[in-house]
Amino acid sequence: MKVIKRILIIILLIIIFIVAGFVYKGHELYKQALEKISISDKVAEIKSDENYTKLEDMSEFYKDAVIAVEDRRFYEHGAIDPIALARAIYSNIKAKELREGGSTITEQLSKNMYFTQEKDLKRKVAEVFVTLDLEKNYTKNEILELYLNTSYFGNGYYTVSEASKGYFNKDAKDMTDSEATLLAGIPNAPSVYNPKENLKLAKERQKQVLDKMVQYKKITKEKEDEILSKE
């Protein structure tokens with residue numbers, strides 16, 4: 001029994017040592033990123049883009065669609081969503097591969113602002129530190145607005161305004177419900193869901209967005225059917 005306890009303690013110490021190492025490296029990466037440009041300066045840089053779109057210039061339906069498919073508890077949780085994270089860990093263990101990240105919209109904004117899309121644990125830790133800063137210094141609406149102006153929508157479009165004008169030839173606030181849900185699904189995999197390149201896949205993703213909106217009671221099933229029937 002004593003031998004087993006010692007082995008377990010050793011294993012626990014090894015795990016703690018490994019985790020501490022990743023946290024240290026992640027924090028160093030975080031500090032390096034902010035040394036190049038502070039969060040406030042980075043935010044100012046993003047807002048200076050001529051295509052920057054204010055939240056009030058986007059349709060409510062579009063915003064509801066984004067939150068439903070990307071982070072349904074966005075306005076309820078802090079920097080990290082423990083429920084989504086636990087669900088992602090369970091799914092990854094079950095699938096025996098990294099399929100889900102459990103990232104919040106704020107975490108995705110952190111990645112868009114400073115880091116690459118590469119799946120790396122050190123980068124993920126650095127991303128969490130930026131996320132904590134963002135949640136501390138900006139409101140949820142400011143974070144959502146920034147996220148929607150730093151997401152890639154495929155075809156060279158990096159803001160809602162660019163994507164709406166590029167795909168539909170109209171301002172973001174004038175998108176139909178069908179167009180809004182199509183656009184909401186693109187950032188998950190822009191090269192896959194770009195409607196100019198893969199309209200069939202883009203519409204399959206749109207159906208996923210609408211299903212989420214029904215699931216989280218943002219729209220009724222009848223509304224979903226109505227939107228899909230108009231295509």
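At 0% relative accessibility, Leu-210 counts as buried, where buried means under 20% relative accessible area, exposed over 50% and partly exposed in between (1.4 Å probe, protein chains only). Leu-210 sits in helix H11. Helices here are DSSP runs of H or I with at least four residues, strands are E runs of at least two, and both are numbered from the N terminus. Setting aside neighbours within four places in sequence, Leu-210 is in contact with Thr-181, Ile-219, Glu-224, Ile-227 and Leu-228, contact being heavy atoms within 4.5 Å.

A word on the model itself. It is a predicted one, in which local features need pLDDT of at least 70 and side-chain atom pairs count only at pLDDT 80 or more, while totals for chains, interfaces and linings use all residues. Residues are numbered from 1 along each chain as its sequence is written, and side-chain values use heavy atoms, with hydrogens and water left out.

As for the overall picture, the protein chain comes to 12 helices and 0 strands. Of its 231 residues, 42% are buried. Take the contacts between residues at least 6 apart in sequence: 64% of them join residues at least 24 apart. The accessible surface is about 13,300 Å², and carbon and sulfur atoms account for 56% of that; accessible areas come from the Shrake-Rupley method with a 1.4 Å probe, and for residues only the protein chains shown count as cover.

Helix H3 (residues 60-70) is mostly covered, with 9 of its 11 residues buried. Among them are Phe-61, Tyr-62, Ala-65 and Val-69. The buried residues of H3 pack against helix H5 (105-114), H7, H8, H9, H11 and H12. Beyond its neighbours within four places in sequence, Lys-63 is in contact with Leu-55 and Met-58. Lys-63 and Ala-184 lie 121 residues apart in sequence, yet 8.2 Å apart in space, C-alpha to C-alpha.

How do H3 and H7 cross? The axes of H3 and helix H7 (residues 140-148) come within 12 Å and cross at roughly 90°. Axes are lines fitted to C-alpha atoms, for helices over the stretch in contact, and angles run from 0 to 180 degrees between N-to-C directions. H3 and H7 are therefore roughly perpendicular to each other, a label for angles of 65 to 115 degrees (under 35 is roughly parallel, over 145 roughly antiparallel, and the rest oblique). At the crossing, Tyr-62, Val-66, Ile-67 and Glu-70 in H3 meet Leu-144, Tyr-147 and Leu-148 in H7.

Helix H9 (residues 177-184) is mostly covered as well, 6 of its 8 residues being buried. These buried residues pack against H3, helix H8 (160-168), helix H11 (199-215) and helix H12 (221-229). Thr-181 and Ala-184 are among the buried residues of H9.

Then there is the outside. Glu-197, in the loop between helix H10 (190-193) and H11, is exposed, with a relative accessible area of 56%. Its C-alpha atom and that of Asn-155, 42 residues apart along the chain, are separated by 8.8 Å. Ile-11, in helix H1 (residues 2-36), counts as partly exposed at 40% relative accessibility.
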